[in-house]
Every structure is written in structure tokens, then in C-alpha cells.
Amino acid sequence: MAEERITDIGPPHYEQFLPPVIKENYGKWDYHEILKPGVMVHVAESGDKIFTVRAASPRILAVTSIREFCDIADKYCDGYLRFTSRNNVEFLISDEANVDGCVKASEALGYPVGGTGNSISNPVHTQGWVHCHSSASDASGVVKSVMDELMPYFTNMDLPAKLRVAYACCLNMCGAVHCSDIAILGVHTRAPVIEHDDLPKMCEIPTLVASCPTGAIRPATVDGVQSIEIVEEQCMYCGNCFT
């Protein structure tokens with residue numbers, strides 16, 4: 001099937017990025033265990049092993065950070081790494097002798113190793129002011145402050161169970177806060193201000209009216225201009241109308 005795949009449409013096939021030990025034992029893994037915080041081993045039915053070192057990363061990465069991750073991967077794991085859905089970076093190591101060196105190199109650059117077992121993982125968060133125009137608050141700054149306080153729970157496994165935290169900048173919650181243990185939300189506290197003269201030039205009014213989940217936005221004519229009105233008592237401050 002892989003030979004029939006058209007690789008110039010969409011992303012390349014993931015198989016070409018797998019370490020050889022994973023390719024050779026694909027679908028034939030026997031068990032895995034956590035050796036220490038942030039370090040796991042997966043053992044195949046054949047007895048082959050792949051070691052994983054999980055480190056926290058910033059949600060929004062600079063090119064310099066990516067280069068640092070790549071340098072670590074080139075030195076300790078033949079260039080193989082992956083990013084998790086919670087913004088951790090995992091170095092995939094075939095040689096057990098390279099595990100401790102990888103851990104030390106990551107921590108020396110300020111990327112703590114942990115997030116496995118009964119610990120807190122790196123929070124998922126939304127784009128915030130960097131990219132989203134409907135956000136009520138920043139995201140990366142809040143998450144940085146939260147994790148500065150919670151970092152000991154990332155680097156050890158002393159919690160009663162796994163803990164997942166997510167942050168969303170508005171009530172639309174694209175940060176997956178609804179499927180995390182602890183949700184932090186940025187919430188608008190005022191209804192939108194309407195610029196009646198400009199609104200017809202910038203918005204399709206029927207689409208704008210339909211965007212409101214509570215029916216708080218209604219068509220209106222103001223000073224002879226086709227516009228809208230907002231029933232503030234019905235506004236839930238979600239920010240849908242901003243988009």
C-alpha cells in the first residue's frame with residue numbers, strides 16, 4: 001500500500017520518519033514501562049527496545065528551540081523525535097547508553113524532563129493574542145506562569161493520578177479544555193461594541209446574526225444604515241461574532 005501512495009499530495013507517509021526498531025516491530029510490542037520520570041521503554045515481542053525521553057517544550061516555538069531539539073536528536077537518537085498532542089517533545093532512542101546523556105542535554109537547555117505516570121503533563125492551550133482575534137486573554141503567558149508553579153509536579157510522579165490541564169482564551173474552547181482535568185478559561189465580560197457606519201462594509205449581516213448561539217444579535221436599521229443590535233442580556237460573551 002505504501003508504494004501506491006501519492007506523496008506529492010498532502011503530507012509524506014509517516015512511516016518514513018519512524019526509527020528502524022519501530023519499523024521492524026510495528027504492531028508487535030509486548031509491553032512498556034516507566035523507568036523514571038520522563039523516561040520510558042517499550043519492549044517488542046522480539047526483545048528489541050526503544051527508549052523515550054519526554055521533555056516539556058514551549059507551545060509556540062522559535063526556530064532556535066527547534067534547532068536545539070534537532071541537535072539533541074542528532075547526537076543521541078539518530079535524529080528521531082516526535083511531538084505529542086500536549087506539546088511535549090519525545091526523543092526516540094535505540095541505544096540505552098544514550099538515555100542519560102539525552103536527559104542531561106535537554107535539561108541543560110532548560111527543557112525539563114518528565115510528564116509521565118502520575119504527573120502533570122504540558123498544558124494544551126490556544127493561540128491567544130499571537131494568532132486569534134476573538135481571544136479574551138493571552139494564552140502562552142498564562143500557561144508559562146501556571147507551569148512555573150506546577151513544574152515540580154511535571155518532573156516527579158507523586159500525584160495520585162495523571163493530571164491534564166488546558167487553557168482556552170475564550171468560551172469557544174478550541175484548547176480542548178472540555179476534555180482535561182483542570183480547565184482555565186479567558187472570558188469576555190462585555191458585549192461587543194458596534195460601529196454602525198463600518199459594519200456593513202466588513203460583515204455579511206445574515207452570517208453575523210447566525211453566528212450568535214443565543215440569538216442576541218438581530219438585524220436593525222440605525223440612522224438609515226443597515227446594521228445590527230445586540231440584546232446584552234442574552235450575550236454569553238463567546239466571541240463567535242468576532243470571527
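Select R82 and E90 first: these two form a salt bridge (a side-chain nitrogen of Lys or Arg within 4 Å of a carboxyl oxygen of Asp or Glu), and their closest N and O atoms are 2.8 Å apart. The model is predicted, so local features need pLDDT of at least 70 and side-chain atom pairs count only at pLDDT 80 or more, while totals for chains, interfaces and linings use all residues. Residues are numbered from 1 along each chain as its sequence is written, and side-chain values use heavy atoms, leaving out hydrogens and water.

E90 counts as buried at 3% relative accessibility, whereas R82, at 41%, counts as partly exposed; buried means under 20% relative accessible area, exposed over 50%, and partly exposed in between, with a 1.4 Å probe and protein chains only.

Next, select K144 and D148, which both lie in helix α4 (residues 140–155), 4 residues apart, about one turn of the helix. Their salt bridge has its closest N and O atoms 2.9 Å apart, and K144 counts as exposed at 51% relative accessibility, while D148 counts as partly exposed at 46%.

Conventions: Helices (H or I, at least four residues) and strands (E, at least two) are DSSP runs, numbered from the N terminus.
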